[in-house]
Amino acid sequence: MTTLAIIGGSGLSQLKELNIIKCEQLNTPYGAPSAEFITGELNHNKVVFLARHGNPHTLAPHKINYRANIWGLKQLGVDRIIAVAAVGGITSSMAPEHIVIPDQIIDYSHGRLHSFFDDKNHPVTHIDFTYPYQPSLRKALITAASHAQLSISPIGTYGCTQGPRLETSAEIKRMQQDGCDLVGMTGMPEAALAKELGIDYAAIAVVANWAAGKGIGEISVTELEQHLRIGMIKVIKLLNAFIALT
Ligand code: HPA
């Protein structure tokens, strides 16, 4: 029996569709996770939900205790994570409200506690990270999108910035030259930590805005929130279809 977790990002601090069975505040060797772990049923399947930024949304991307979050999920027997994340669209086909199942990451974040293997009890271990998102979990999400008749992008490179500020247009230009299609602030070290603990991990990226310099003028946070609300309706549809197929 496998256990699925959904990590909700900005715009998804609660999963209202979840029939809650229990809420647990876990302590971990790495400190406190972002929020209670909520176990419930979604479409008659067991799901553990975690609000990445806390509920209500208070934790900035660089303040999230990614290690405690992933460790806590492992303690609960989770072996698959679907991470939902708001992003800015860099590539022209990735407009606001679009959904992307990314296949690659470039990490520009810094100063985050990004490994479980960093003390004498957990000596250095080099994990393979060629494919940061688990291929069969990604494939299942892409199939679910097609069942739900959602038009999505099945690949994309996610660039993870430090935040909490948004980027300059020059930073986005550089990221595009590097090969980034999307920009977000929370994809790392979350994906790598899941890999370190042997948990399958894939992401649903929801485009909330054109990345800096890709739209007209400055980024409007009000518009960003509106796009995110509409994008999240698609995410719920996709999650329901995914669970119905598993
Ligand atoms: N940049 C970084 N993270 C984001 C953005 C962005 O433009 N939009 C939503 N999350």
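Good morning. I begin with serine 34, which has its place in the loop between strand 2 (19-24) and strand 3 (37-42). Helices and strands here are DSSP runs, H or I of at least four residues for helices and E of at least two for strands, numbered from the N terminus. The structure is a predicted model, in which local features need pLDDT of at least 70 and side-chain atom pairs count only at pLDDT 80 or more, while totals for chains, interfaces and linings use all residues. Residues are numbered from 1 along each chain as its sequence is written, and side-chain values use heavy atoms, with hydrogens and water left out.

Serine 34 counts as buried because its relative accessibility is 12%. The term buried means under 20% relative accessible area, exposed means over 50%, and partly exposed is in between, with a 1.4 Å probe and protein chains only. The side chain of serine 34 reaches the backbone oxygen of arginine 52 at 2.6 Å. Setting aside neighbours within four places in sequence, serine 34 is in contact (heavy atoms within 4.5 Å) with Ala51, Arg52, Gly54, Leu59, Ile64 and Asn69.

A salt bridge is a side-chain nitrogen of Lys or Arg within 4 Å of a carboxyl oxygen of Asp or Glu. By this rule, the count comes to four. In one of them, the side chains of arginine 52 and glutamate 190 meet at 2.8 Å, N to O. Arginine 52 lies in the loop between strand 4 (45-51) and helix 1 (66-75), and glutamate 190 in helix 4 (residues 190-196), so this pair ties together parts that are 138 residues apart in sequence. Both glutamate 190 and arginine 52 are buried.

Another salt bridge joins aspartate 118 to arginine 67, with the closest N and O atoms 3.3 Å apart. This pair also links distant parts of the chain: aspartate 118 is in the loop between strand 7 and helix 2, arginine 67 is in helix 1, and they are 51 residues apart. Aspartate 118 counts as partly exposed because its relative accessibility is 45%, whereas arginine 67, at 10%, counts as buried.

A further salt bridge is formed by glutamate 171 and arginine 165, whose closest N and O atoms are 2.9 Å apart. Glutamate 171 is partly exposed, with a relative accessible area of 29%, and arginine 165 is partly exposed, at 49%.

I turn now to the interior. A nonpolar core is a set of buried Ala, Val, Leu, Ile, Met, Phe, Trp, Tyr and Cys residues joined through side-chain atoms within 4.5 Å. The largest has 71 residues, and those with the most contacts inside it are Ile81 and Ile204. Helix 5 (residues 221-245) gives the most to this core, with 10 residues. Apart from it lies another core of eight residues, including Met175, Cys180, Val183 and Ala211. Beyond four places in sequence, isoleucine 204 has contacts that include Ile82, Val84, Ile99, Leu141, Val235 and Leu239.

Which residues are around the ligand? They are Ala86, Val87, Gly88, Leu166, Glu167, Val183, Gly184, Met185 and Asn209, each with a heavy atom within 4 Å of the ligand. A nitrogen atom of the ligand is 2.8 Å from an N or O atom in the side chain of glutamate 167. A ligand nitrogen is also 3.4 Å from a polar backbone atom of alanine 86, and one is 3.4 Å from a polar backbone atom of glycine 88. The protein covers 93% of the 260 Å² of accessible area that the ligand has on its own, by the Shrake-Rupley method with a 1.4 Å probe.

Finally, the backbone. Most residues other than glycine have a negative phi, and most peptide bonds are trans. A cis peptide bond joins asparagine 55 and proline 56, with omega about 5°, and proline 56 lies in the loop between strand 4 and helix 1. The bond from methionine 188 to proline 189 is also cis, with omega near 10°; proline 189 is in the loop between strand 10 (182-184) and helix 4.

Asparagine 43 has a positive phi, near 55°, and histidine 44 has one near 70°. Asparagine 43 is partly exposed, with a relative accessible area of 36%, whereas histidine 44 is exposed, at 71%. Thank you.

Terms used:
A polar contact is a pair of N or O atoms within 3.5 Å; within protein, one must be able to donate a hydrogen and the other to accept it, and residues adjacent in sequence count only if both atoms are side-chain atoms.
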